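Here is a report on one protein model, written for a reader who works with coordinates. It starts with a charged pair and then moves to the helices, the core and the surface.

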Amino acid sequence: MSGPMFPRRFAGRPVADGQTAAPRSMEGLSRGPATPVRAGRLWLVQVVTGGALIGFLGLHLIVQHFLAPGGLRDFSSVVDYLRQPVAILAELGLVGSVVVHASLGVRTFFVELVHGRRARRLATILIAVLATGIVVYAVWLTYRIASWQS
């Protein structure tokens, strides 16, 4: 395929001497494809989830390994720990930030790899469905563990 993928309109007019171009009014010009704006938002979400991931992972390591007797919790102490509402929020925050951060990374990989718009859209939908399924399963599993009768 030759030429640019997204042809752009010339946004300037020649100046009197004809050697340079001066910008004309930007009114009425299209901003081009919406992908760069969306990619910027998704990049920002990935940055935020990366920060949340560091925070939740640090909290998880401290609570699960440094504060636990012997350095590791057994199943009954994990059940007792997950019965606390703050612990559930912390653990689900960790899972959610991991899944969203990883999903956006995989999506970025596919966007760079695949050039067809339809294939990119399909990959985005499949990644979103898979990520949603993982989060729903994690919430269900956390609920089941927290409601375990020992």
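R83 and D80 form a salt bridge, with their closest N and O atoms 3.5 Å apart. The term covers a side-chain nitrogen of Lys or Arg within 4 Å of a carboxyl oxygen of Asp or Glu. By this rule the count comes to 1 salt bridge. R83 is partly exposed at 39% relative accessibility. D80 is partly exposed too, with a relative accessible area of 43%. Here buried means under 20% relative accessible area, exposed means over 50%, and partly exposed lies in between (1.4 Å probe, protein chains only).

The model is predicted: local features need pLDDT of at least 70, side-chain atom pairs count only at pLDDT 80 or more, and totals for chains, interfaces and linings use all residues. Residues are numbered from 1 along each chain as its sequence is written, and side-chain values use heavy atoms, with hydrogens and water left out.

**Overall layout**

The protein chain has 4 helices and 2 strands. From the N terminus on, the order is β-β-α-α-α-α. These elements are DSSP runs numbered from the N terminus: helices are H or I with at least four residues, strands are E with at least two. Of the 150 residues of the protein chain, 21% count as buried. Among contacts with a separation of 6 or more, residues 24 or more positions apart account for 60%. Contact means heavy atoms within 4.5 Å.

**Two helices**

The expected span is 1.5 Å times one less than the number of residues.

| Helix | Residues | Length | First to last C-alpha | Expected span |
|---|---|---|---|---|
| α3 | 85-113 | 29 residues | 42 Å | 42 Å |
| α4 | 117-146 | 30 residues | 43 Å | 44 Å |

In α3, the reach is close to the expected value. The buried residues of α3 are A87, A90, E91, G93, L94, G96, S97, V99, S103, L104 and R107. In α4, the buried set includes R120, A123, T124, I127, A131, A138, T142 and A146.

What does S97 touch, leaving out residues up to four places away in sequence? The partners are T49, A52, L53 and F56. S97 lies in helix α3 and is buried, with a relative accessible area of 6%.

A90 is also found in helix α3. At 11% relative accessibility, A90 counts as buried. A90 touches F56 and L59, again not counting residues up to four places away in sequence. The C-alpha atoms of A90 and F56 are separated by 6.5 Å, although the two residues are 34 residues apart along the chain.

V135 is found in helix α4. V135 is partly exposed, with a relative accessible area of 30%. V135 and V99 are 36 residues apart in sequence and 7.3 Å apart in space, C-alpha to C-alpha. V99 is one of the buried residues of α3.

Y143 is in helix α4 as well. Is Y143 buried or exposed? At 56% relative accessibility, Y143 counts as exposed. Y143 and L82 are 61 residues apart in sequence and 8.5 Å apart in space, C-alpha to C-alpha.

**Core**

The largest nonpolar core has 5 residues in all: V63, Y81, L82, A87 and A146. Such a core is a set of buried Ala, Val, Leu, Ile, Met, Phe, Trp, Tyr and Cys residues joined through side-chain atoms within 4.5 Å. A87 touches Y81 and L82, not counting residues up to four places away in sequence. In soluble globular proteins, nonpolar side chains tend to be buried together.

**Surface**

The protein chain exposes about 11,100 Å², and carbon and sulfur atoms supply 69% of it. Areas come from the Shrake-Rupley method with a 1.4 Å probe; for residues, only the protein chains shown count as cover.

L57, L61, I62, F66 and L67 make a nonpolar surface patch of about 520 Å². Patches are made of residues with over 30% relative accessible area and no salt bridge; like charges are joined within 9 Å, nonpolar side chains (Val, Leu, Ile, Met, Phe, Trp, Tyr) within 5 Å. I62 is found in helix α1, residues 35-66. I62 is partly exposed, with a relative accessible area of 42%.
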